[in-house]
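Please examine the sequence and the three-dimensional structure shown below.

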Amino acid sequence: MSNYLRLNSFSKQLLVMILSISFFALLLISGASIHRSVDLNERAINELEKSLYQEVDKQTKAQVTSVIAMLDEINRKILKGELTDSEGQQLAADLIREMRYTDASSQYDGYFWVDTTEGINVVLYGSPSEGNNRMDFQDQSGRFIVQEMIQTAVHGNGYEEYFFPRLGGDEPLPKRSYAGYFEPFNWVIGTGAYVDDIEYLIAEKRELFHEELMMDVMQSVLFLAVILILVTFVSLKATRRITHPVMHISQELGKVASGDYANINIPNQFLQRQDEIGKLSDSVMLMTRQREHEELELKRLNLELSGKNDELEQIIYVASHDLRSPLVNVQGFSQELGFAFDELREHLSSTANSDQSHHGSTQLETLLHEEIPECLTFINSSTQKMDLLLKGLLKYSRTGRQGIQMAEVDMTELIHEQLNSQEYIISQHHIKVTIGELPNVFGDKMLVGQLFFNLIDNAIKYRHSDRPSHVHIAGHRSENSVEYLVEDNGIGFSSHYYQKVFDIFHRLHPNHAAGEGLGLSIVKKILSIHQGQIHVSSTPGEGSQFRIILPFPENPNNDSV
């Protein structure tokens, strides 16, 4: 019951978490969408407002520019004497007073005004203010608009915004004017356009956008509600399915408890989950992998122990068989030597008491010059053989016992070093040695050098006497290993001995060349230390091939093993 309550609580927590995340995610997405919509619409309105005002500014400036061009023409007539100053200015004022144009922003007739830089109004559509000083004129906001426009014009022309009634009206309305300065008459000429229609249009656009925004918000809320309902439904279905993986994992844990590691099965959909179920599934699989790894490691150690036992059996065989033979010889000839000394003593004793001096001296010479030296020769030969066997065992047992320094080995340099050490015998017997590509290897340089020294030495020792000797050494790199070939055209041997040649102290051709029978045994042991392999193929009378395969890790590290 408590397990059910815990699962039920977990399901509720999961449901609340999914709904919360979904709600806030949808809220964030909706908010971002609304914010983007507001931003885009605001930019569009600002661009529209800017373009409308630019059109107004362009029109008012063009109108003032055209009036100033007319004044230039009148001023030229004055300079020519065709008109007096007063006649020219009066003509200009009358013309400006009657000039009208269509205000593009409001569709009303536009007009011009003219003031002197002292503020005396010259032209204002014939109103009573003409001839009066307007410096103190203020709009409804309290701005001295005539002073500001005169200052703007005198300092390079420009625009001003203010409030002023329409022609024939009393209500001040927003207006934007352009003022230009005509220095020969000391006049400031200006005209403007009412922008209340622009402001009304912008306000209308903003209201329309607000209505659209509210509609978008309502749609987003509705969409959010529908999505939450769907998420709730899906979440309820998902939480009901939680009990199934939990029960399955519980059964697999029972197998772990009983030690039935081989039959543990966790589906991939459980392992790929990121919640507690996924972690629990990973833990069960981790225990299984550890157990399998331990079993593989145990098999590896047993295999290694079996190899060591084989080596030990060979050593025991040598100690019990090969060493026994010279020991029997030593014992036999020691007895023979004892018998010879007994016979010598008897002979000495008998010759002291008899007259058979001639026969005694002949027998004594036989003992001293034949039988005793022969016994000593056999004893010495047997002890030398025992010494060689014991030294060979010591040499074999010491191979690889010192600290192994694993590093990348330059094989071209190493092979040349080994050939240089055997240069005398190679040149003496006119042996041709060819070297192909030699990729580097990862291993202990001293042991790898000893490995190839033994193989080259083996090829030299068992060369064919009836033809020039040739030894070829080459290699190539594969994905995770390096393979080398040592090939000769020597006497070769039968395929029956492909495994036997690697036995300790085993020599196929003891009369062909001197040796201990350890060379290939040491080669095999060095390869075992490097986790390498060796394959041999040979044809009697034609030669032999030794293929050596050594692993080359992807990321080798110099390490001491």
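**Basis of the description**

This is a predicted model, in which local features need pLDDT of at least 70 and side-chain atom pairs count only at pLDDT 80 or more, while totals for chains, interfaces and linings use all residues. Residues are numbered from 1 along each chain as its sequence is written, and side-chain values use heavy atoms, with hydrogens and water left out.

**The chain as a whole**

The protein chain contains 13 helices and 15 strands. These elements are DSSP runs numbered from the N terminus: helices (H or I) have at least four residues and strands (E) at least two. Of the 561 residues in the protein chain, 35% are buried. Buried means under 20% relative accessible area, exposed means over 50%, and partly exposed lies in between (1.4 Å probe, protein chains only).

A contact means heavy atoms within 4.5 Å. Among the contacts in the protein chain with a separation of 6 or more, 64% are between residues 24 or more positions apart. The protein chain exposes about 33,800 Å², and carbon and sulfur atoms supply 55% of this area. Accessible areas come from the Shrake-Rupley method with a 1.4 Å probe; for residues, only the protein chains shown count as cover.

**Nonpolar cores**

In soluble globular proteins, nonpolar side chains tend to be buried together. A nonpolar core is here a set of buried Ala, Val, Leu, Ile, Met, Phe, Trp, Tyr and Cys residues joined through side-chain atoms within 4.5 Å. The largest such core has 41 residues, and Met411, Phe452 and Ile548 touch the most other members. Helix H12 (residues 445-461) gives this core its largest share, eight residues. Leaving out residues up to four places away in sequence, Phe452 touches Met411, Leu414, Ile415, Tyr484 and Val486. A second, separate core of 19 residues includes Ile74, Ile78, Ala92 and Phe182.

**A surface patch and a buried lysine**

Phe23, Phe24 and Leu27 make a nonpolar surface patch of about 290 Å². Patches consist of residues with over 30% relative accessible area and no salt bridge, with like charges joined within 9 Å and nonpolar side chains (Val, Leu, Ile, Met, Phe, Trp, Tyr) within 5 Å. Phe23 belongs to helix H1 (residues 2-80) and is partly exposed, with a relative accessible area of 31%.

Is Lys175 buried or exposed? With a relative accessible area of 3%, Lys175 is buried. Lys175 lies in strand S6 (residues 172-182). Beyond its neighbours within four places in sequence, Lys175 is in contact with residues including Tyr111, Glu160, Tyr162 and Val195.

**Salt bridges**

The structure holds 14 salt bridges. Each is a side-chain nitrogen of Lys or Arg within 4 Å of a carboxyl oxygen of Asp or Glu. Three of them are listed here.

| Salt bridge | Distance, N to O |
|---|---|
| Arg206 and Glu42 | 2.9 Å |
| Arg76 and Glu73 | 2.4 Å |
| Glu161 and Arg176 | 2.8 Å |

Arg206 and Glu42 meet in a salt bridge. Because Arg206 lies in helix H4 (residues 196-240) and Glu42 in helix H1, this pair ties together parts that are 164 residues apart in sequence. Arg76 and Glu73 are three residues apart in helix H1, so about one helical turn separates them.

Glu161 and Arg176 also form a salt bridge. Glu161 lies in strand S5 (residues 158-165) and Arg176 in strand S6, so the pair ties together parts that are 15 residues apart in sequence. Glu161 is partly exposed at 42% relative accessibility, whereas Arg176 is buried at 16%. Salt bridges that share partners join Asp57, Glu161 and Arg176 into one network.

**Aromatic pairs**

A pair of aromatic rings is described by the distance of the centres and the angle of the planes. Rings of Phe, Tyr and Trp (its six-membered ring) pair if their centres lie within 6.5 Å; planes under 30 degrees apart count as stacked, over 60 as edge-to-face and the rest as tilted. A search of the whole structure finds nine aromatic pairs. The ring centres of Phe182 and Phe185 are 5.1 Å apart and their planes stand at 80°, so this pair is edge-to-face. Both Phe182 and Phe185 are buried.

Phe452 and Tyr484 form an edge-to-face pair, with 5.5 Å centre to centre and 90° between the planes. This pair links distant parts of the chain, with Phe452 in helix H12 and Tyr484 in strand S12 (residues 481-488), 32 residues apart. Phe452 and Tyr484 are both buried.
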